[in-house]
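The sequence and the structure are shown first.

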Amino acid sequence: MALLEVRDVVVRFGGVTAVAGVSFDVEERQICGLIGPNGAGKTTMFNCISGIYRPNEGLVRFGGEEITHLPRHRMTELGIGRTFQNLALFRSMTVRDNVLAGAHVTGRSGFIANAFRFAAVRREEAQAALRAEELLGLLGLRPVADIPVAALPFGTQKRVEMARALISRPKLLLLDEPAGGLNHEEVDALADLLREVRHSFDLSILLVEHHMSLVMRVSDKVAVLDFGKKIADGTPYEVQNDPQVIRAYLGDGHGDEHARAA
């Protein structure tokens, strides 16, 4: 059984079908790339998995449990972490505090316990602080831990958001355009970081990304969307050489030429 199962998902906005019967799986400890031209339905698919959108048809299972209609806040509790294409950080807060903010959703203490600072609350806070320090080290953020995120370069802010998603100890990490706005050296570093995160946290990663070199370097498997439909699903090599994928990116008439060149 796959960790994440997407089955025949359909999403409509008025008369527009953004996702048209898409199915794919993400296995445990797998990095899966989800790619496609602009408007292919990638982010819409992400929003269904993370509970922001409710599909009109189809279902999503996580760890064997159907999560199609669960509220958004339950996804983190179940083990799904997410970053966003447009950063969703608290810009006036420090890096450390932004990372710690991601731990609050997994706290088990109630309002009364927090109000009176019971021992269980202090233990949870100490554990979160230890996890935060581990993440700050892994993602190279310790030197900037006490600096407000608004003062940091965009690439560093991307790592802060990833750390905040990881502190909740997800089983599946959804990354929406993590290479957006990064230079060549930063993309190379991101590729190494994604492999290290998968290994260190023993998790799966579903990656929406336009940077094809990154996707093909780090992914075990790639699913391709075009106009809301899945047109390919396989290893990076299989997808790169699929005629439908070549047509989606290059247009009709380029498939045979590309195949000969390959």
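In which sense do strands β4 and β5 pair, and over how many bridges? Strand β4 (residues 57–62) pairs with β5 in the antiparallel sense, over two bridges, and F62 stands opposite E65 in β5. The model is predicted: local features need pLDDT of at least 70, side-chain atom pairs count only at pLDDT 80 or more, and totals for chains, interfaces and linings use all residues. Residues are numbered from 1 along each chain as its sequence is written, and side-chain values use heavy atoms, with hydrogens and water left out.

Strands (E, at least two residues) and helices (H or I, at least four) are DSSP runs numbered from the N terminus; two strands pair if DSSP finds at least two bridges between them.

Strands β4 and β5 belong to an open sheet of four strands, ordered β2-β1-β4-β5 with antiparallel pairing. Its edge strands, β2 (16–26) and β5 (65–66), each pair on one side only.

| Partner of β8 | Bridges | Opposite residues |
|---|---|---|
| β3 (residues 31–35) | four bridges | L34 and V208 |
| β7 (residues 172–176) | five bridges | L174 and L206 |

From β7 the chain passes through helix α7 (residues 184–201) to β8 in a right-handed β-α-β crossover (clockwise from the first strand over the helix to the second, with the strands pointing away from the viewer).

Five of the five residues of β8 (residues 204–208) are buried, so this strand is largely enclosed by the rest of the structure; buried means under 20% relative accessible area, with a 1.4 Å probe and protein chains only. S204, L206 and V208 point one way from β8, and I205 and L207 the other way.

Technical notes: Buried < 20%, exposed > 50% of the residue type's maximum accessible area, 1.4 Å probe, protein only.
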